[in-house]
Each structure stands twice: as C-alpha cells, then as structure tokens.
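Reader: I'm new to this one. Can you walk me through it, piece by piece?

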Amino acid sequence: MSDSEEETVERQVKMVLVGAPQVGKTSIALRYTQDTINKAYQASMGVDFYLKRLVLGNERNVNVQVWDVAGSALTGKMTDKYLYGAHAILFVYDVTSTSSLETLQSWVTTVRKASRAQERPPIQTLVANKADLEHARQVKSDRHHRFASEHGLTSFVVSAKTGEGVALTFQKIAAELLGVRLSKAEQEQQQPVVTAEIVTFQETSLPKVPATASTSSSTVCSVM
C-alpha cells in the first residue's frame, strides 16, 4: 500500500448512548458533534445518528458515530440492532434524578445480553450528566462510583449545557479503542472555558452610614 493510500484509511468507531428519557443523551451528542444543544426538549424516536471526525495521535481519519437511542427503546424489538457492532456503550443518567440511575440497571442487563455474540465486547462506561446543576443534585458522588464499580464500568461526569467533560469523555474512549495514548496537552485542549455570569448591584440600594457611627471601618470583598 502506498503512502497516499495509507493516509486515506478511515477508522470507524461506533458509540451508543443509552438511558432513561430526558437525561440529556441528545444534548450530549449535539454538544460533542456540533458544539451546541437544543434547548427545547424533544424526545428521540428510535435512534438518531451523529458523526464527528477527529485526529487522534497518529490516527488522522477517525470517524466517531454517535448513536442516540431513545429511552423508550429499552423494551423495543430493534434494541439489539441498535447495539449491534457497538465499540462503546455510554450509560447516561441525570445527577438530579435518582430514578434515572436506577433505570440503568435494566440497560446494563440488556446491553450485556445483546453483546454476548460479539467477538469483542464493547467498552462500557457510566456518564453522569447535568453536572452544572450541583445545587439540585440527588445522586451523590459516592453512589455514582459505587454503581460504576459494581458493574465494572469506567465513569465520567459531564455537563452538556456548558460542555464540561463532554469532548474529553469521547476522546478518551476513542483513544482507548484505538490504542492511542493521549498527551496532557491533547486532553487539556478538550476542556471548554466556562464563563460565569457577572451580577452588578445598584449602589443606591446600600444604606447610608449615620454620622454618629463609629469611625472604624471594614471592607467586604464579594466574589460572584
């Protein structure tokens, strides 16, 4: 094979997102492949497909196929076909919903039953979404790690809304599948810059200090 032919060789990687409805599977797929999200929730029907091309180490032509399987497909007749040939399964749940994690128990059983005939079982990982909603978290970190350990899953925490951890999760899984070792710089490139909202207060809302007040003063620094 010539050098030019070697350069055109494409590697195909199939990753499947499964989990309960409304956990953010579609948002994760959109954030990774298009760097955007659809703010208006629309339930997936069956399966949706997304494609991402990337360079990974010496692998110049890697096509990552992201299959977004509807939560309602768990008991459907097509589920085995959606999972067939998958190189990686991402079990997604919502950190603000305990029931979404519990639902994954059934998905783990379904996936492993469907994978028995495969020569090489897919990588299986637990993905906690909506990390930006820490104030509403119901699934604590220790429970997340316990579930992953009990089922032999690697695990990641992401936020499809801010992009935190999304690209890095897919990159690490793809690298493991292709036997590529990622440098620290390559991993850092996948981390988005998250901006915080700056809140401005009106000075007129502050009470005036009476003239008879103590002459001592203090300074308060508020970091938002």
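Reader: Is Asp-94 buried or exposed?
Author: Asp-94 is buried, with a relative accessible area of 6%. Buried means under 20% relative accessible area, exposed over 50%, and partly exposed in between, with a 1.4 Å probe and protein chains only.

Reader: What kind of model is this?
Author: This is a predicted model: local features need pLDDT of at least 70, side-chain atom pairs count only at pLDDT 80 or more, and totals for chains, interfaces and linings use all residues. Residues are numbered from 1 along each chain as its sequence is written, and side-chain values use heavy atoms, with hydrogens and water left out.

Reader: Where is the place of Asp-94?
Author: Asp-94 sits in strand 4. Helices (H or I, at least four residues) and strands (E, at least two) are DSSP runs, numbered from the N terminus.

Reader: Leaving aside neighbours within four places in sequence, which residues is Asp-94 in contact with?
Author: Beyond those neighbours, Asp-94 touches Gln-22, Val-23, Ser-100, Asn-129, Lys-130 and Val-139. Contact means heavy atoms within 4.5 Å.

Reader: Which residue forms a salt bridge with Asp-94?
Author: Lys-130 does, and the closest N and O atoms are 3.1 Å apart. A salt bridge is a side-chain nitrogen of Lys or Arg within 4 Å of a carboxyl oxygen of Asp or Glu. The pair links distant parts of the chain, 36 residues apart: Asp-94 is in strand 4, and Lys-130 is in the loop between strand 5 and helix 5 (141–150). Lys-130 is partly exposed, at 22% relative accessibility.

Reader: How many salt bridges does the count come to?
Author: The count is 5 salt bridges. Among them, Glu-102 pairs with Arg-143, with the closest N and O atoms 3.5 Å apart. That pair also links distant parts of the chain: Glu-102 in helix 4 (residues 98–114) and Arg-143 in helix 5, 41 residues apart. Glu-102 is partly exposed at 47%, and Arg-143 is partly exposed at 30%.

Reader: What about Arg-137, which residue does it form a salt bridge with?
Author: Arg-137 bridges to Glu-134, with the closest N and O atoms 3.2 Å apart. Arg-137 is buried at 18%, whereas Glu-134 is partly exposed at 49%.

Reader: New topic. How many aromatic pairs are there?
Author: There are 2 aromatic pairs. Rings of Phe, Tyr and Trp (its six-membered ring) pair if their centres lie within 6.5 Å; planes under 30 degrees apart count as stacked, over 60 as edge-to-face and the rest as tilted. The rings of Tyr-32 and Phe-170 are 4.2 Å apart at their centres with planes at 10 degrees, so this pair is stacked.

Reader: Which helices do Tyr-32 and Phe-170 lie in?
Author: Tyr-32 lies in helix 2 (residues 25–34) and Phe-170 in helix 6 (residues 166–178), so the pair ties together parts 138 residues apart in sequence. Tyr-32 is buried at 6%, and Phe-170 is buried at 1%.

Reader: And Phe-49 with Trp-67, what are the distance and angle?
Author: Phe-49 and Trp-67 are edge-to-face, 4.5 Å centre to centre with 75 degrees between the planes. Phe-49 is in strand 2 (residues 47–56) and Trp-67 in strand 3 (residues 59–69), so the pair ties together parts 18 residues apart in sequence.

Reader: Which residue lies over the face of Trp-67?
Author: Lys-14 does, at 3.6 Å from the ring centre. A charge sits over a ring if NZ of Lys or CZ of Arg is within 6 Å of the ring centre and within 35 degrees of the ring normal. Lys-52 lies over the face of Tyr-32, at 5.5 Å from the ring centre.
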